[in-house]
Amino acid sequence: MATDEVSLRALESLMTEFFHSCTTNERKREIEELLNTFASQAGSWRHCLYFLSNSRNEYVMMYSLTVFENLVNKMWVGVASEEKVELRSCLPKLLLSQHAVLPFFIRNKLCKVIVDIGRQDWPMFYHDFFSNTLQLVQTPAMAPLGLVLLKMTSEELVCPREDLSVARKEELRKLLLEQIPTMLNLLTGILESVWEKHSGSGITPPPSPTSGETAVVLGSESGAMCSLALECLAHLFSWIPLSSSITPALLASIFHFARFGCQLPVKAKPAPTSNGDTTTTGGNTALPANGGTGLPRAVQPVGQSERARLGVLAMSCINELMCKNCVPLDFEEFLLRISQQTFFLLQKLTQTNSHSNTTNTNTHTVKNRLQELDESYLEKFTDFLRLFVSVHLRRIESNAQFPLVEFLGLLFKYTFNQPTHEGYLACLDIWSIFLDYMTTKIRSRLADSDSVLNRYKDALVLLLREVLNRIQFRSNQTQLEELDDETLDDDKQTEWQRYLRQSLEVVAKVMELLPSQTFSTLFPVLQEDLDIYLGLQQFIVTNGSSRRLNITAEADCRKLHCALRDLSSLLQAVGRLAEFFTGDVFTARFSDALAIVQRLVEVTCYGSQISLYDVETAVPSVLKPDLIDVHAQSLAALQAYSHWLAQFCSEVQRQQDQTRFANLITSSMAATTPLISAKVLPCRTQQVPEKLLLSACHLLVSMATTVRPVFLVSLPPVQNIFNLITENHNHQLPHEAHVLVCRALSNMLLLPWPCLPESEQQWPSRSSSHGRLVSTLTQQYRLLPRPPAYHHNNKTVMQQTLSVLRDLVQSISGESTKSRQICYQSLQESVQVSLALFPHYIQQPEITDEMLSFFLTLFQALRVQMGVAFTEQIIQTFLNMFTREQLAISILQEGSAGSKVVQKFLKILQVVVQEPGQTFKPLLPSILSLCMEQVYPIVAERSCPDVKAEMFELLFQILHQNWRFFFKSSVLSSVQRDGAGELMENEAQFTAAMQAFGQSFLQPDIHIFKQNLSYLEVLNTKHKLYHKKLFQSSMLFHFINVLLQVLLHKSHDLLQDDITVAVYNMAAVNFHTFYSSFLPEFLNGCQGLDHHQRATLARNFTPERDLPSFTQSVYRLVNDLRYYRLCNGSLPPGTLKL
């Protein structure tokens, strides 16, 4: 013992030194090696048992438990049976004797070690493990410890790690399932006994909404006991199936505690003295000496936070049950009972004081009530509501015993009295789910859709009005100003934008169900704010060259600010609803849509005419951005109706009456073009804000691309823009706006006019105009010297011109042949100039990248128009320029412009090899050579994920689109299923490509792995890759072996399902050979197994031929093989294996 005592003191000294702030990293490594050496010694656990029993140093206790944990989880197979018996006996005794004085984390660690032993040995060698745990739960003094063990048993035995065989995992789950009724009965008993002990007889049982009004005061020990029981239940519910073991009594007990979360904090009162007076000292209530309530610790009442936590835990239990989508038919009654109980909880959460009669007072009361409740409880309750609506509403809706309409009313109160914005948005998500459910239901039941809608119509209209109210500053300025409108989140939107977007999505979903009611609700509110905006002109005072908005009073400025913010939001709402006026409902809703569009045109014209963005205001930091935003949103809302205008255009073409339509387009252009021309002319003093300019440019693009009126290009305002762009090279347009304007002008001339025959499209004159436009835009670019003389402006001219041209080509890529012919005709000279300039700029990756982006777009959209000869010339030029040295320089600059250049080049080659027919087949050998002999050797052993991804896609496209380059099909081979008659060509290149794919599976990049695995699967689906004779004879089993090794090493666990499916498809080529030849050979090659284990693994891999069974066998093989290796590795040297 003296030796153990000395060792203990030495260990304490080492642990204290290790965690001391002055200890160097080198000394820490020395100590760590010393501790690991000690732990690996045979019998070290006996010393640790002594340390654990005799030390109060937390570091020492934790180290000792880690040694035990390592022994049980990694070396248990090699531990002598008598030592196992001793461990199974002494550790529980240690726990029972010291659990009350151990720190909770040490106690929990010790519990886990005991449970880990149970996981290995129960019930065969540790038969009383589970019965001991149940006995502890039933012993009042030891129940908390028993509950900790019970929860850990559920966690560790149901979801064990890989240190067990599949058979053992299945056995443990089966054994635990048999114990479920016993466990649930015990837990029910604990909850019921605590509740009965602390509740008064005057409390009405659920499901009365008034139940629980009398406060139930729990002692601290009772509260802790209930917390442990509820935590245990929550974990059990996460994996057990719904069954009769979950009794109504258990459910009622859980809901008893769920009500705790609904109770408001009780105001503390002074404690009465023996004579009934309150004891005070110096005007303050005197506290008991123990700092508590003057009661013994066991009966001290739990505080509000502990009560709220019980409510949270109870709701967690309920949510675990609610998230089970698979509900047996005989469980519908159980589900109804949960729904009813929760309905009453919702009643309690949203109840108002009886003396409050007015609506405002009630609403205020509900919000205050929710504000005082625990935030976590509200989150859990909202989670429940989401689960109820998304998973179970379809089951409950038709049940007459559940008051669904009343439930929606309570959900409405709960939603619009949320104390936080996040809580409110979470509730809006629930309404979105409900509205989606309603939409789906009505579409599937068109016959009685009216009756379904009428049931919920009032609730939906009320929802619509309140959601619209909640986005308006006039009624919620204080709350809405709290939302951040500057910082962007991961979705590139601000907090305010997310709030508004989610609100407008709900409005749109209601619009889909109730179009007329939504329109009649929204339009008057919009009109009210529009009247304020349109009336601002009378307050503009002109003083020389400056103009000022003569609204200066603080109250008036605040009112105007709110009106402008609301108008901006409502304009977005109107734009969001544009889709509900097109298609089949165009005629039925024409008058409403026309009224909206006319109003939007009026607003945009008004904004552009009086240039409110250029007006001085009393509060420029607030009102000026508001005025700009309203103007921009009016243009964006009008743009949203471009598809409606396009349908209107088609209708008037047939009716030969274009007056109303022409007026709308003409006025729209009168509102749009001044904003662009004001920015084009450098002499103009007023500066159009970029936000407003881009909105105008996008509207112009939509008019040219989507609406396509015949007369658009001939309108004077549009002609003015055309002239300004083509004649003024020193325009002041930002590059993004310049690209958009050029796209709009190009599309006006290239895109066919709707509903007109080819003979009336005026192609000759439009082609001539487009040629002049492109010639003007590219004038400086085409005049660049060759070879280039350095000038700082050259780079800018090239990049800007090429980005404009690329955009012009992209915008017509899916259009008619005539449009693409005219486009290429206009661009032809610029394309040739680009090809001539390319070799001179190969060392400047920024310019090369822009050039290749342009050529890539050309190949994607206009390769037919370019012709075979010129396309070959371009590709050959690129192949000559991208030597192996040049590729290495570019690729090795990871993430640089040079790397991007190679990616673009490979993308161009992908387009070329996908071209059907024989056109570019002569280029295939050169492309394959570049891919396999120049690019692949550089990237094979390096990371280079972006270049690798493009290279493998090119390789895949070569194989997929040019299969006959490798396999010559014949009538004979098509009827001979064994592939004996297949004709193989270019075998060396095919083999090299397959080896490259196989090599990628040995590397850590999971994205490349997933991409390439999917490519192989596509090649097998489309071309029977795995069935080809060459693949079967020399590659198939190598691929299966590699994929199984990946599963064994768990390096790509996220792709486990994909890998298993691929292995199945490869094995399915010849199941007989797989089972009789490959599997034994694979197992014989696996290191770390004995003959008996190999035989067991082979026997357990059942020779089934369906995918689910095969998947289970692969999972079992991988799990058990890892388990056997772990076991064998834990055996002491020289162990005899029988």
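This report describes aromatic ring pairs, an aromatic cluster and charges over rings in a predicted model.

## Aromatic pairs

A pair of aromatic rings is described by the distance of the centres and the angle of the planes. With ring centres required to lie within 6.5 Å, the count comes to 68 aromatic pairs. One of them joins phenylalanine 1001 and phenylalanine 1039 in an edge-to-face arrangement, with 6.2 Å from centre to centre and 75° between the planes. Because phenylalanine 1001 lies in the loop between helix H41 (987–1000) and helix H42 (1006–1023), while phenylalanine 1039 belongs to helix H44 (residues 1036–1049), this pair ties together parts that are 38 residues apart in sequence. Phenylalanine 1001 is buried, at a relative accessible area of 1%, and phenylalanine 1039 also counts as buried, at 6% relative accessibility.

Tyrosine 1064 and phenylalanine 1071 form a tilted pair, for which the centre-to-centre distance is 5.8 Å and the angle between the planes is 50°. Tyrosine 1064, with a relative accessible area of 14%, is buried because that value falls under 20%; phenylalanine 1071 is likewise counted as buried, at 8% relative accessibility.

## An aromatic cluster

Phenylalanine and tyrosine side chains also come together as a group: one aromatic cluster is formed by Phe343, Phe344, Tyr377, Phe381, Phe384, Phe388, Phe402, Phe407 and Tyr414.

## Charges over rings

Two arginines are placed over aromatic rings. The charged end of arginine 307 sits over the ring of phenylalanine 260, at 4.4 Å from the centre of that ring, whereas arginine 766 lies over the face of tryptophan 753, where the distance to the ring centre is 3.9 Å.

Note on methods: Residues numbered from 1 in each chain as written. Predicted model: local features only at pLDDT ≥ 70, side-chain atom pairs only at ≥ 80, totals over all residues. Heavy atoms only, no water. Phe/Tyr/Trp six-rings, centres within 6.5 Å; stacked < 30°, edge-to-face > 60°. Helix = DSSP H or I, 4+ residues; strand = E, 2+ residues; numbered from the N terminus. Buried < 20%, exposed > 50% of the residue type's maximum accessible area, 1.4 Å probe, protein only. Lys NZ or Arg CZ within 6 Å of the ring centre and 35° of its normal.
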